[in-house]
Amino acid sequence: MENREICHCMGVTFADVEDAMHSMEKFSDVLDTFKHVQEATSCSTGCGGCYNEILEAISEIMHA
């Protein structure tokens, strides 16, 4: 997977999302995982335009 920037306002990349998720003990719920990733990276706290893309990245990582 190419390391692409997902959240342009905060400069958060796919790898940043993945790193934040791997710091969790477990991840089974996408929205709970989103909250953790948001706290860890500040993604989707600017304009919010990346919300769906962050959720897609989380889902992709969860099912990899």
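Me: How many aromatic pairs does the structure hold?

Reply: There is 1 aromatic pair. A pair of aromatic rings is described by the distance of the centres and the angle of the planes. Here the rings of Phe, Tyr and Trp (its six-membered ring) pair if their centres lie within 6.5 Å; planes under 30 degrees apart count as stacked, over 60 as edge-to-face, and the rest as tilted. The ring centres of Phe34 and Tyr51 are 4.9 Å apart and the planes stand at 75°, so this pair is edge-to-face. Before we go on, a friendly note: this is a predicted model, in which local features need pLDDT of at least 70 and side-chain atom pairs count only at pLDDT 80 or more, while totals for chains, interfaces and linings use all residues. Residues are numbered from 1 along each chain as its sequence is written, and side-chain values use heavy atoms, with hydrogens and water left out.

Me: Which parts of the chain does the pair link?

Reply: Distant ones: Phe34 belongs to helix α2 and Tyr51 to helix α3, 17 residues apart. Helices (H or I, at least four residues) and strands (E, at least two) are DSSP runs, numbered from the N terminus.

Me: Is Phe34 buried or exposed?

Reply: Buried means under 20% relative accessible area, exposed over 50%, and partly exposed in between (1.4 Å probe, protein chains only). Phe34 has 6% relative accessibility and therefore counts as buried.

Me: What span does helix α2 have?

Reply: The expected span of a helix is 1.5 Å times one less than its number of residues. Helix α2 runs over residues 30–41, 12 residues in total, and reaches 16 Å from its first C-alpha to its last, close to the 16 Å expected. At its start, a side-chain oxygen of Asp29 comes to within 3.1 Å of the backbone nitrogen of Leu31.

Me: Which residues of α2 are buried, and what covers them?

Reply: Thr33, Phe34, Val37 and Thr41 are the buried ones. Viewed down the axis of α2, they fall within an arc of 105° (taken from the directions from the helix axis to the C-beta atoms), so they line one face of the helix. Their cover includes β2 (12–13), α1 (14–22) and α3 (51–62).

Me: Which residues are buried in α1?

Reply: In α1, these are Phe14, Val17, Ala20 and Met21. Their arc around the axis is only 125°, which puts them on the same side of α1. On the face turned away from that buried side sit the exposed residues Asp19 and His22. Among the elements that cover the buried residues of α1 are β1 (5–7), β2, α2 and α3.

Me: What about the loop between α2 and α3: where does Ser42 lie, for example?

Reply: Ser42 is in that loop, just after α2. Although it is not a glycine, Ser42 has a positive phi of about 70°. With a relative accessible area of 33%, Ser42 is partly exposed. Ser44 is found in the loop between α2 and α3 too, and it has a positive phi of about 60° without being a glycine. At 13% relative accessibility, Ser44 counts as buried.

Me: Where is Gly49 placed?

Reply: Gly49 lies in the loop between α2 and α3, and at 62% relative accessibility it counts as exposed. Its C-alpha atom is separated by 9.6 Å from that of Ile6, 43 residues apart along the chain.

Conventions. Contact means heavy atoms within 4.5 Å. A polar contact is a pair of N or O atoms within 3.5 Å; within protein, one must be able to donate a hydrogen and the other to accept it, and residues adjacent in sequence count only if both atoms are side-chain atoms.
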